[in-house]
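Let's walk through this structure together, one question at a time. Have the sequence and the 3D view ready as you read.

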Amino acid sequence: MKRFYLLVIALALLSLYALSLGAADVANVWRYITHPLFDINSPSHQIIWEIRAPRIAAAILVGSCLGIAGVLAQGSTNNPLADPAILGTSAGASVGVLAGVLLNVVTIGSVGAVICASIGALLATLFTFSLARSALQLITIGIGVSAILTAVVGLVLSMATRADARSVSFWSFGSLALVTPRTLLILLPILLVCGFLAWQVAPAVDLLSLGDESVRHIGHDAQKIRLRAFAILATLVAVTVSSVGSIAFLALAAPHIARYLVGPRNRTLIFYSAAIGALILLFADSASRALFPPNELPIGLLTSLLGAPILILTLKKGGDVWR
Amino acid sequence: MAMISLQDVAITRGRRLVIDGFSAALEAGTITAIVGPNGCGKSSLLAAIAGDIPLTRGEISLAGRDISEISLSQQAELRSVVLQNRNYWLSYTVREVIAMGQNRDAQQRMDAIIEVLNMTTFADQSVTTLSGGQAQRVEIARALIRDSEIYLLDEPLAAQDSQSKSRVISILQKLRDQGKTILVIAHSDKQSLSWCDHVIDTLA
């Protein structure tokens, strides 16, 4: 528990520091940060509290969603390689949003986009699920489904000639630049509800580590447990993809790092993986804004660059976590 | 009434008919071993009795009820299963793995089971650090901690040293004396199975 508090404190400190970072040079920046009601109508106040703050909150919420989705993906397939990108979930969400935007049904960041993404994510995940007959096949078939859908998104984006195609393609590589306060109103309730549902299903996901047959022998249906976990993770991934695009590597790395800290029990893991996902994404997004202003670096590259070394280190040190 | 009854059972794995026309009746309060060379289908037979694989033909019943007609949880109440070749991925402790999915009654037997299977020295260790024989005893503990009428064990002695072997045998014999029905799969020769009441050779 102490470690969890440390993670939350680190997250709070990093959030405060991130408020001071950005392309615009704000005079007296700490005065605005420590006094949120100071000089409310100034451009500086707007930059810090209406542009940076929502973006920081979004990084925390999206990072948490992906951290939990990763725990469910690895736990329910009983495989250390699983993440929502490999199961076809992320690509399915992308196809859903892309179809919605190009058919002029929704705009990125809207509730409609979340619904499109959820439909895409759920359909792709269920498609993978219906073809696979074992936990291992979920991974191999998921990789195939994911490859097909990613190719479809890429082809459609390169063929699209519309003015907004560029922003769609920007989004498809993952960026928190398009986040608005409205995005938070979608992210927060979904994170809370799915987080609770994940916490509920977690002990059953623990059982899956025994193998499907042993789960049967003690009276449970492994596929049913998996289906529950998949529905939750598809919703979590859908809300992140529809609001900030697909962000590489986070859902894979965060659960491993968390497991190194607290062991394999999924209930505890959910909290730690969420906090670690939030921390990495916030760090990556702050770096993407602060390193070469006014240009922003692609967030997916930074999450990989940051998450991968930590992942490799934890796996090297904690060799018996995943044998 | 036979606790485990198999009637004209046929099992197909892949495209091969591994078991064809197998019948047997196992009474309560007995230990039965099924023996045969590698690939003769004895593990498939155990999997079919456990309800893991469908039958190509025939009927299997536990305590007089056709297993295709009873629910997963009813089957779980009737029988406990020990599989072989256990491979653990995650670093749960031995106690955590044994407790997984068990009710409170079963969990109260935890210390006794750990004691009787001589697992006290590694009970709080991660299952990923265990030797083959230790991991197999964890599997045996997962089955024996459940209070079932029927125990199905796939090669429970294969990786055990002689001391552990005799411990497991005496536990199984005690259960038999309490009226439990025990089925063991083995590929050892019949002489070393003198502790069993019946030996069925799949080739015969």
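A residue is called buried if 20 or more other C-beta atoms lie within 10 Å of its own, exposed if 12 or fewer, and partly exposed in between, with C-beta atoms placed from the backbone. This is a predicted model, in which local features need pLDDT of at least 70 and side-chain atom pairs count only at pLDDT 80 or more, while totals for chains, interfaces and linings use all residues. Residues are numbered from 1 along each chain as its sequence is written, and chains are lettered from A and ligands numbered from 1 in the order in which they are written.

Q: What percentage of the 323 residues in chain A is buried?
A: Chain A is built from 13 helices and 0 strands, where helices (H or I, at least four residues) and strands (E, at least two) are DSSP runs numbered from the N terminus. By the burial cut-offs, the buried share of its 323 residues is 50%.

Q: What radius of gyration does chain A have?
A: The C-alpha atoms of chain A fill a box of roughly 65 × 50 × 30 Å along the principal axes. The radius of gyration is taken over C-alpha atoms, and the globule rule is 2.2 Å times the number of residues to the power 0.38. For 323 residues a compact globule would come near 20 Å, and chain A agrees, with 20 Å.

Q: Is A:Arg182 exposed or partly exposed?
A: A:Arg182 sits in helix H8 of chain A. Its C-alpha atom is 9.1 Å from that of A:Pro54, 128 residues apart along the chain. Because A:Arg182 has 13 C-beta neighbours inside 10 Å, it counts as partly exposed.

Q: How many residues are in the largest nonpolar core?
A: A nonpolar core is a set of buried Ala, Val, Leu, Ile, Met, Phe, Trp, Tyr and Cys residues joined through C-beta atoms within 7 Å. A:Leu72 touches A:Ala198, A:Val205, A:Ala229, A:Ile232 and A:Leu233, leaving out residues up to four places away in sequence. A:Ile68, A:Ala69, A:Leu72, A:Leu233 and A:Leu282 touch the most other members of this core, whose residues number 101.

Q: Which helix supplies the largest share of the side of chain A that touches chain B?
A: Two residues are in contact if their C-beta atoms, placed from the backbone, lie within 7 Å. On that basis the contact takes 19 residues from chain A and 16 residues from chain B. Helix H8 (181-207) and helix H9 (212-217) of chain A each supply at least two residues of chain A's side. The largest share, 4 residues, comes from H9(A).

Q: Which residue is the bridge partner of B:Asp154 in E8(B)?
A: Two strands pair if DSSP finds at least two bridges between them. In chain B, an open sheet of 5 strands has the order E6-E7-E8-E3-E9, with parallel pairing. Within chain B, 5 bridges join strand E7 (residues 150-154) to strand E8 (residues 181-186). In E8(B), B:Asp154 is partnered by B:Ile185.

Q: How many of the 8 residues of H1(B) are buried?
A: Helix H1 (residues 42-49) of chain B lies across strand E3 (31-35), E7 and E8 of chain B. The cover over its buried residues includes strand E1 (2-13), strand E2 (16-27) and strand E4 (57-62) of chain B. Among the buried residues of H1(B) are B:Lys42, B:Leu45 and B:Ile49. H1(B) is largely enclosed by the rest of the structure because the number buried is 7 of the 8.

Methods
Axes fitted to C-alpha atoms, helices over the stretch in contact; angles between N-to-C directions.
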